[in-house]
Amino acid sequence: WVNAFNGIGNDPNILKDISVPTQIIWGTEDVFFSKADQLDLIDMLGSEYILFQTKIGYSHNTHWDGHLDEEVAADIMNFIGEY
């Protein structure tokens, strides 16, 4: 994973070419990426429409958090359904 994303943070313009609606779901218990990291990502994205959702008590793997996964799946389906 490190090699897959190596360099993205070094060039904030690399993500500006993304022009599709983007959904970011962040868990407050994420030990890998902070909220500040998510806000930096939003700044780097070129999408005109970004949906940023904060999930209290969720980890980095919001879609694997046991009983919480159904809520995340519904959020993703609702987002996809808009487009």
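**Exercise 1. Overall make-up**

Find what share of the 83 residues of the protein chain count as buried, and describe the order of its elements.

Solution. In this predicted model, 25% of the 83 residues of the protein chain count as buried. The secondary structure comes to 3 helices and 2 strands. Read from the N terminus, these elements follow the order α-β-α-β-α. Next, take the contacts with a separation of 6 or more: residues 24 or more positions apart account for 72% of them. Finally, the surface: the chain exposes about 5,900 Å², and carbon and sulfur atoms supply 56% of that area.

**Exercise 2. Strand β1**

Determine how many residues of β1 are buried, and which of them point each way.

Solution. Start with the count: 6 of the 6 residues of β1 are buried. Then sort them by direction. Thr22, Ile24 and Trp26 point one way, while Gln23, Ile25 and Gly27 point the other way. Now look at the partner strand. β1 and β2 run parallel and are joined by 6 bridges.

**Exercise 3. Thr22**

Decide whether Thr22 is buried or exposed, and list what Thr22 touches.

Solution. Thr22 belongs to strand β1, which covers residues 22–27. The relative accessible area of Thr22 is 14%; because the cut-off for buried is under 20%, Thr22 is buried. Leaving out residues up to four places away in sequence, Thr22 touches Leu45, Ser47, Tyr49, Ile50, Leu51 and Phe79. As for polar atoms, one in the side chain of Thr22 lies 3.0 Å from the backbone oxygen of Val20.

**Exercise 4. Helix α3**

Check the length of helix α3, then work out where its buried residues lie.

Solution. Helix α3 has 13 residues, 69–81. At 1.5 Å a residue it should span 18 Å, and its end C-alpha atoms are 18 Å apart, so the two values agree. The buried residues of α3 are Val72, Asp75 and Phe79. Seen down the helix axis, these buried residues fall within an arc of 60 degrees, so they line one face of α3. The buried residues of α3 pack against β1 and β2. On the face turned away from the buried side are the exposed residues Glu70, Met77, Asn78, Ile80 and Gly81.

How values were computed: Residues are numbered from 1 along each chain as its sequence is written. This is a predicted model: local features need pLDDT of at least 70, side-chain atom pairs count only at pLDDT 80 or more; totals for chains, interfaces and linings use all residues. Side-chain values use heavy atoms; hydrogens and water are left out. Helices (H or I, at least four residues) and strands (E, at least two) are DSSP runs, numbered from the N terminus. Buried means under 20% relative accessible area, exposed over 50%, partly exposed in between (1.4 Å probe, protein chains only). A polar contact is a pair of N or O atoms within 3.5 Å; within protein, one must be able to donate a hydrogen and the other to accept it, and residues adjacent in sequence count only if both atoms are side-chain atoms. Contact means heavy atoms within 4.5 Å. The expected span of a helix is 1.5 Å times one less than its number of residues. The arc is that of the directions from the helix axis to the C-beta atoms. Accessible areas come from the Shrake-Rupley method with a 1.4 Å probe; for residues, only the protein chains shown count as cover. Two strands pair if DSSP finds at least two bridges between them.
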